[in-house]
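Here's a quick briefing on the structure below. Have a look at the model first, then run through the notes.

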Amino acid sequence: QVQLVESGGGLVQPGGSLRLSCAVSGVIFKINDMGWYRQAPGKQRELAAGITSGGRTNYADAVKGRFTISRDNTEKMVYLQMNSLKPEDTAVYYCNANVTNTLFNFKEYWGQGTQVTVSS
């Protein structure tokens, strides 16, 4: 059973920083693309940042220059460093991973989400 567990969310003032972590557990062959999505109240879920297995990254325009995604393939972790946070960054942040399992099937998994609130 593959699980993704996020941590690191919370309440922060505008201009502050947070670091989200996501741990992947379970028996897998390989973790392919990973990403952080976010969903604000009344809005659709959107990609904030993504990273390939080789470390290539992409970011939503709204977070470029402020957020940094990284991963540790050995530890099966993905991180999101969020700096210069703005109230519009307030959302539930979800970890996402595309995995090749031991039967060489491709499956997509989601974490349960972690709340990030940016407010003074």
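Is Tyr-37 buried, partly exposed or exposed? Tyr-37 comes out as partly exposed, because its relative accessibility is 22%, and buried would need under 20%. Keep in mind that this is a predicted model.

**Aromatic rings**
- Searching the whole structure turns up 2 aromatic pairs.
- Tyr-37 and Trp-110 make an edge-to-face pair, with 4.9 Å from centre to centre and 65° between the planes.
- Trp-110 counts as partly exposed, since its relative accessibility is 33%.

**Charges over rings**
- Arg-19 places its charged end over the ring of Tyr-79, 4.1 Å from the ring centre.
- Arg-45 does likewise with Tyr-94, its charged end sitting over the ring at 3.7 Å from the centre.

**The disulfide**
- The whole-structure search finds 1 disulfide, and it joins Cys-22 to Cys-95 with an S to S distance of 2.1 Å.
- The link between Cys-22 and Cys-95 is left-handed, at -85° about the S-S bond.
- Because Cys-22 is in strand β3 and Cys-95 in strand β9, the link ties together parts of the chain 73 residues apart in sequence.
- Cys-22 is buried, at 0% relative accessible area, and Cys-95 counts as buried at 0% relative accessibility.

**The four-stranded sheet**
- There's an open sheet of 4 strands in the order β1-β3-β8-β7, and the pairing is antiparallel.
- The edges are β1 and β7 (67–72); each has a single partner strand, so one side of each has no neighbour in the sheet.
- On average, neighbouring strands in this sheet are turned by 15° against each other, if you ignore direction.
- β1 and β3 (residues 18–25) pair in the antiparallel sense through 5 bridges.
- Val-5 has Ala-23 in β3 as its bridge partner, while Glu-6 stands opposite Cys-22 of β3, the cysteine that is joined to Cys-95.
- Side chains alternate along β1 (residues 3–7): Leu-4 and Glu-6 point to one face and are buried.

- You'll find Lys-76 in the loop between β7 and β8 (77–82).
- Lys-76 counts as partly exposed because its relative accessibility is 25%.
- Phe-104 also isn't a glycine, and its phi is positive at about 65°.
- Phe-104 sits in the loop between β9 (91–100) and β10 (106–110).
- Phe-104 counts as exposed, since its relative accessibility is 53% and the cut-off for exposed is over 50%.

Definitions and conventions
Residues numbered from 1 in each chain as written. Predicted model: local features only at pLDDT ≥ 70, side-chain atom pairs only at ≥ 80, totals over all residues. Heavy atoms only, no water. Buried < 20%, exposed > 50% of the residue type's maximum accessible area, 1.4 Å probe, protein only. Helix = DSSP H or I, 4+ residues; strand = E, 2+ residues; numbered from the N terminus. Pairing = 2+ DSSP bridges. Axes fitted to C-alpha atoms, helices over the stretch in contact; angles between N-to-C directions. Phe/Tyr/Trp six-rings, centres within 6.5 Å; stacked < 30°, edge-to-face > 60°. Lys NZ or Arg CZ within 6 Å of the ring centre and 35° of its normal. Disulfide = S-S within 2.5 Å.
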